[in-house]
Amino acid sequence: MADSLIEMTAAETARKVNARERSAREIALATFERVRRTDGEVGAFLTLTEDLALAHADRVDERIAAGESLPLAGVPLAVKDNMCLRGTQTTAGSKILLGWNAPYTATAVQRILDAGAIPIGKTNLDEFAMGSSCENSALGVTRNPYDAQRVPGGSSGGSAAAVASYESTIGLGSDTGGSIREPAAFCNIVGFKPTYGRVSRYGLIAFASSLDQIGPLTRSVEDAALAYDAIAGVDPMDATSVDVPHESTATSLRQDLKGLRVGIVKEYRAKSLGPAIDEVYAKAYADLETLGAEIVEIGLPTADYGIATYYLIAPAECSSNLARFDGVRYGLRVEGNDMAETYDRTRAAGFGPEVKRRILIGTHALSSGYYDAYYLKAQKARTKIAADFENAFGACDVIAAPAAASPAFRLGAKSDPYSMYLMDYYTIPVSLAGLPSISVPCGWARPDDGAEEMPLGLQLTAPLFGERLLLGAAHAYEIATKHAKKHAPRIGVRA
Amino acid sequence: MASPDLDVRYVAKLARIALTDDEARTYGAQLADILGHVAALNELDTSDVAATAQVIESRNVEREDSPALCLTRSEALAGAPREQGGYFRVPRIIGES
C-alpha cells in the first residue's frame, strides 16, 4: 500500500488528494516510511523535515477540505540543500555552513510549497554546487540508485537520487553548468533547467550568479511541467528574474513531433562516446524522426570552447560570491589573532578542496593584470557561443544532444579535476547561452568497465523562453519511448 | 592570454584562504594544469566581439523607497558565530602600535 502511494507521479498524487481519495498526511507518512527503509543505502538526504512536512500536509488537507484545489496537493518534495527553507539547516554541502538555520525561505521553495507540495527534507550536493558527481559534498556520500558503487551525478545528486529511489516525487535542483541535467541522466529521471531568469534565485546560495538556475527533477516530463509552472515567474526579490509573462507548460504537452525541426549537432556527431553509447543516441534521434520530427544537421563551431569559458566565468563569479563566508555573520569561525587571520583560518577550515580550487582560479582570473586575458576573454567567448545557438535556431526549433559524456562512473574514479570538468561538455555551452534545456531518459549502455548497463539522458534544448515548446517535445518523446517508465532502482529497495 | 604561471600563495592571500605547504603544491600544480587547458581560448578570435556578462537583457529594477519587512536584529544575529550586545563580535581591527 505504502509503495503504491509513493510511486504515483505528482500529477496522480495531486489529482487524488484534490479529489480527497487520499490525504496529504498519509502520503507524507508513507514517504517517510520509504525514506527510513531506503536512505541508509542511498544517502540522498542531509536533513529530514518530518515535523514541518506533517504540518504542511495537514494544512494542505485543510485547504482541500475547504474547497481549494492545489496543483501539487500532497506531492512529496526534496529540496537541494543550497536553497533556504526557513528554520531548517541549510548547508550547501559545506562544513562552513554546518548548523546554520535559514532565516527565510527561497522564493522557488515557497512557491512550490504554496502549490501544495510537502517538504520531505534537504538533499546532498557537491559543496556549493561545484561538481559533477556529488562526491565534493563535505557531509556524506550519495549513491546512484541503480548501482551503489556509482555516483548519482552532480551537483544536484541528492535530489536526483531521492526522486529515482522513490524517496520523493519532485526534487528541486540548481543547474549552473549542467547540475540538473547530468544527475537526471545518471539516475534515469527527467531534469529540467529553465531559461536563465525564469525562476527566482532569491534564497538560492549563489555559486555563479549569471548561470545559476533552479529547476525540477522528476520521474516524468508532465511532473517537470507542473513543478516548473509552480515556481516560474518574476520576483521582486531577484532583480535578474525576468518579467516575461509565464504561460502554463503543463497544458501544452503534445503527443507527436509533427512539424518540429530537431537539430543534431555535427560537431558532436563527429565525437564518439563509444559504440554502445553512440548507438543509443542514434536510436534516440531516429525515434524523434519516427514521431514526426524533421532532423536537420546544425553546427555549433564554438561548443568546444565551452568548458574553458565556463571554468573562467563560473570560478570568477564564485570567488566573488563566496567572499561572504568570512566567519563574521554566520557559519563557521576559526579565531585568529586579528581579522585577516580569522578570515584565512575560517575559510581554510570551512571550504573543501574543489571550492578552494575554484575560488583560487577565479581570484587569479579577476586579479590585476589577468582580468582582460582571462575573465574578459571568457565573456567574449560566451558571446560567440550564444551567437552559435542563435544561428542554429534559425534552422531548427529544438537541439538534441547527449546530456553527459558517459553513464554514471564509479565513486572515486575521477581524481583529476579536469577530467571531472569534461563530464559537462554537452551541458555547459547551453548554460553559457542561458537556454532552457531538459534531460529525458533515452536508453541504457554498459559503462567502459563492462559493468551492468546504466541509464543515459537525451538533452533537448530550445531557444530562450521556449519552455512550452521544449516540454511539449520532451513529453512526446517520453511517452512514445517509455524509457522513463522502465524505472526500477537496484539499491534502496530492501524490505 | 596570459601565461598560466600563477603564484598560488599570492592568489590565496587575495582570496583569504590559508594554505598548507602541501596544499600550495597540489593546488599550484592543478591550477597550472587547468589554466593550461583554458589557454585554448587563445585560438578563438574575439577581436570584434562584445563581452556578455549575462545573456538576458537586464534592466535596473527599483522599488518605492519605503520601509518594508526585513529580518529582525535577533534573526540577523541568530547565525552569528559570536555576538555581543546586539552586534557581531570580531577580533580587534585597530592595532595598538
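A salt bridge is taken here as a side-chain nitrogen of Lys or Arg within 4 Å of a carboxyl oxygen of Asp or Glu. By this rule, four salt bridges are found across the interface of chain B and chain A in the predicted model. In one of them, the side chains of B:Arg82 and A:Glu335 meet at 3.2 Å, N to O.

On the side of chain B that touches chain A, at least two residues each come from α1 (8-15), α2 (21-38) and α3 (73-77) of chain B. The most is given by α2(B), with nine residues. By residue class, this side of chain B consists of 35 nonpolar, eight polar and eleven charged residues.

In total, 54 residues of chain B are in contact with 63 residues of chain A. The area buried between the two chains is about 5000 Å², and carbon and sulfur atoms give 69% of this area. Within chain B, the most area is lost to chain A by B:Arg16, B:Leu41 and B:Ile56, which together account for 12% of what that side buries.

Within chain A, helix α8 (residues 221-231) packs against helix α17 (residues 467-481) at an angle of about 155 degrees, and the two axes are 9 Å apart. Because angles over 145 degrees count as roughly antiparallel, α8(A) is roughly antiparallel to α17(A). From α8(A), A:Val221, A:Glu222, A:Ala224, A:Ala225 and A:Tyr228 meet A:Glu467, A:Leu471, A:Ala474, A:His475 and A:Glu478 of α17(A). The residues of this contact divide into six nonpolar, one polar and three charged.

Methods. Residues are numbered from 1 along each chain as its sequence is written. Chains are lettered from A and ligands numbered from 1 in the order in which they are written. This is a predicted model: local features need pLDDT of at least 70, side-chain atom pairs count only at pLDDT 80 or more; totals for chains, interfaces and linings use all residues. Side-chain values use heavy atoms; hydrogens and water are left out. Contact means heavy atoms within 4.5 Å. Buried area is the accessible area (1.4 Å probe) that two parts lose on being put together, summed over both. Helices (H or I, at least four residues) and strands (E, at least two) are DSSP runs, numbered from the N terminus. Ala, Val, Leu, Ile, Met, Phe, Trp, Tyr, Cys and Pro count as nonpolar, Asp, Glu, Lys and Arg as charged, and the others, Gly among them, as polar. Axes are lines fitted to C-alpha atoms, for helices over the stretch in contact, and angles run from 0 to 180 degrees between N-to-C directions. Angles under 35 degrees count as roughly parallel, over 145 as roughly antiparallel, 65 to 115 as roughly perpendicular and the rest as oblique.
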